[in-house]
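Colleague: I have a model open and would like to go through it with you before I plan anything. Could you walk me through it?

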Amino acid sequence: MTGYDAVDRALLSGLAADPRATVVALAERLRLSRNTVQARMARLEASGAFLSFERSIDPTPLGYPLEAFVAVHARQKVLSEVVAALAEIPEVIQAHGLSGQIDLLVRVVCRDAHDLFRIDEEILAIEGVERTETSLAMGELIPYRLGPLLERTG
């Protein structure tokens, strides 16, 4: 899907406001038929418009109350192998490749400071990782959101 039309944006805005909204509730709110909403939602899902629903699961009740960001400096020639090894570490919940001084920004969750130290050691042990810089997250100040963008393009 290359872009969203007004109906798609209205559906996505409705979901951003109420992620648990049913097809029927969205149809009523947007004054569309249930079949239209259902077909549009299926098309949006098939096109990859929706990110993983795992993003909405809080790791704290799983025993991981702390979050940190690990800046990873790696050898460029083995970057794909480093990423594959990072994916094998369960506490790694996200990673981004970056331009600039840092090669990868890795988001991890941990039980406590000792656990974070262990995870950092595990990352440093990956062949091709040269060094890391770790910062403990103090709190999420702006949660992941797209509502303002949907409103802006509407």
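Colleague: Let's start simple: how many helices and strands does the protein have?

Modeller: The protein has 6 helices and 4 strands, where helices (H or I, at least four residues) and strands (E, at least two) are DSSP runs numbered from the N terminus. Read from the N terminus on, the elements come in the order α-α-α-β-α-β-β-α-β-α. The radius of gyration, taken over C-alpha atoms, is 20 Å, well over the 15 Å that the globule rule gives for 154 residues, so the protein is more spread out than a compact globule. That rule is 2.2 Å times the number of residues to the power 0.38.

Colleague: Before I go on, what sort of model is this?

Modeller: This is a predicted model, in which local features need pLDDT of at least 70 and side-chain atom pairs count only at pLDDT 80 or more, while totals for chains, interfaces and linings use all residues. Residues are numbered from 1 along each chain as its sequence is written, and side-chain values use heavy atoms, with hydrogens and water left out.

Colleague: OK, and what does the C-alpha trace span along its principal axes?

Modeller: The C-alpha trace spans about 55 × 35 × 25 Å along those axes. Buried residues, meaning those under 20% relative accessible area with a 1.4 Å probe and protein chains only (exposed is over 50%, partly exposed in between), make up 28% of the 154 residues.

Colleague: Which residues have the most contacts inside the largest nonpolar core?

Modeller: They are Val-72, Val-82, Leu-86, Val-106, Val-108 and Ile-123, in a core of 18 residues. A nonpolar core here is a set of buried Ala, Val, Leu, Ile, Met, Phe, Trp, Tyr and Cys residues joined through side-chain atoms within 4.5 Å. At least two residues of this core are supplied by each of β1 (66-74), α4 (79-87), β3 (104-110) and α5 (113-124). Apart from it lies another core, of 10 residues, among them Leu-12, Leu-26, Leu-44 and Leu-150.

Colleague: What is Val-82 in contact with?

Modeller: Leaving aside neighbours within four places in sequence, Val-82 is in contact (heavy atoms within 4.5 Å) with Ala-74, Leu-104, Ile-126, Glu-127, Gly-128 and Val-129.

Colleague: Now Ala-68: is that one buried or exposed?

Modeller: Ala-68, which sits in strand β1, counts as buried because its relative accessibility is 0%. Not counting residues up to four places away in sequence, Ala-68 touches Val-106, Arg-107, Val-108, Leu-116, Thr-134, Ser-135, Leu-136 and Ala-137.

Colleague: What about Arg-31, where does that lie?

Modeller: Arg-31 lies in the loop between α2 (23-30) and α3, and at 78% relative accessibility it counts as exposed. Arg-31 also has a positive phi of about 55° although it is not a glycine.

Colleague: Last one: is Glu-130 buried or exposed?

Modeller: Glu-130 is exposed, with a relative accessible area of 51%, and lies in strand β4 (residues 129-136). Not counting residues up to four places away in sequence, Glu-130 touches His-73, Ala-74 and Arg-75. The C-alpha atoms of Glu-130 and Val-23, 107 residues apart along the chain, are separated by 49 Å.
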